[in-house]
Amino acid sequence: MSVSKAQQASVNRYVKANYDRINVTMPKGCKDIIKAHAETRGESVNAFVNRAINEAMARDESAEK
């Protein structure tokens, strides 16, 4: 099922209004490793990266106390 241009434009407006974007640059090959790792846990790359960041921030906050 294809998405119309109007539908995609609507999704793009929603994402722009409700999410921040961060571009991450890493060495060649890392993307495939991260994708495979996320898939083994039933996650998207985005979900895995968000979880990894949140867990690291929680650890850092605990270590500061």
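**Group meeting: contacts, patch and pocket in a predicted model**

Tyr19 is exposed, at a relative accessible area of 52%. The classes here are buried for under 20% relative accessible area, exposed for over 50%, and partly exposed in between, with a 1.4 Å probe and protein chains only. Before I go on, the conventions. This is a predicted model, so local features need pLDDT of at least 70 and side-chain atom pairs count only at pLDDT 80 or more, while totals for chains, interfaces and linings use all residues. Residues are numbered from 1 along each chain as its sequence is written, and side-chain values use heavy atoms, with hydrogens and water left out.

Back to Tyr19. Rings of Phe, Tyr and Trp (its six-membered ring) pair if their centres lie within 6.5 Å; planes under 30 degrees apart are stacked, over 60 edge-to-face, and the rest tilted. That rule gives one aromatic pair. Tyr14 and Tyr19 have ring centres 6.3 Å apart and planes at 65°, so the pair is edge-to-face. Tyr14 is partly exposed, with a relative accessible area of 48%.

Next, helices. Helices (H or I, at least four residues) and strands (E, at least two) are DSSP runs, numbered from the N terminus. Val15 sits in helix H1, residues 5-18, and is partly exposed at 22% relative accessibility. Gly42 belongs to the loop between H2 and H3 and counts as exposed, at 70% relative accessibility. From Gly42 to Met1, 41 residues apart along the chain, the C-alpha separation is 24 Å.

Now the charged contacts. A salt bridge is a side-chain nitrogen of Lys or Arg within 4 Å of a carboxyl oxygen of Asp or Glu. How many salt bridges does the structure hold? There are two. In one, Glu43 and Arg51 bring their closest N and O atoms to 2.9 Å. In the other, Glu55 pairs with Arg51, with 3.2 Å between the closest N and O atoms. Glu55 and Arg51 are four residues apart in helix H3, so about one helical turn separates them. Shared partners join Glu43, Arg51 and Glu55 into one network of salt bridges. Arg51 is partly exposed, with a relative accessible area of 29%, and Glu55 is partly exposed at 37%.

Val45, Val49, Ile53 and Met57 make a nonpolar patch of about 300 Å². Patches take residues with over 30% relative accessible area and no salt bridge, joining like charges within 9 Å and nonpolar side chains (Val, Leu, Ile, Met, Phe, Trp, Tyr) within 5 Å. Areas come from the Shrake-Rupley method with a 1.4 Å probe, and for residues only the protein chains shown count as cover. Met57 lies in helix H3, residues 45-64, and is partly exposed at 46% relative accessibility.

Last, the pocket. On a 1 Å grid over the protein atoms alone, a cavity is a set of points where a 1.4 Å probe fits but cannot get out; a pocket is an open set with protein on both sides within 12 Å along at least five of seven lines, and lining residues have an atom within 4 Å of a point. Points are joined across faces, edges and corners, and the volume is the space filled by probe spheres set on them. The largest pocket holds about 580 Å³. Its lining has 16 residues, with Ile22, Val24, Asn46, Val49 and Asn50 nearest the centre. Which helix gives the most to that lining? H3 does, with five residues.
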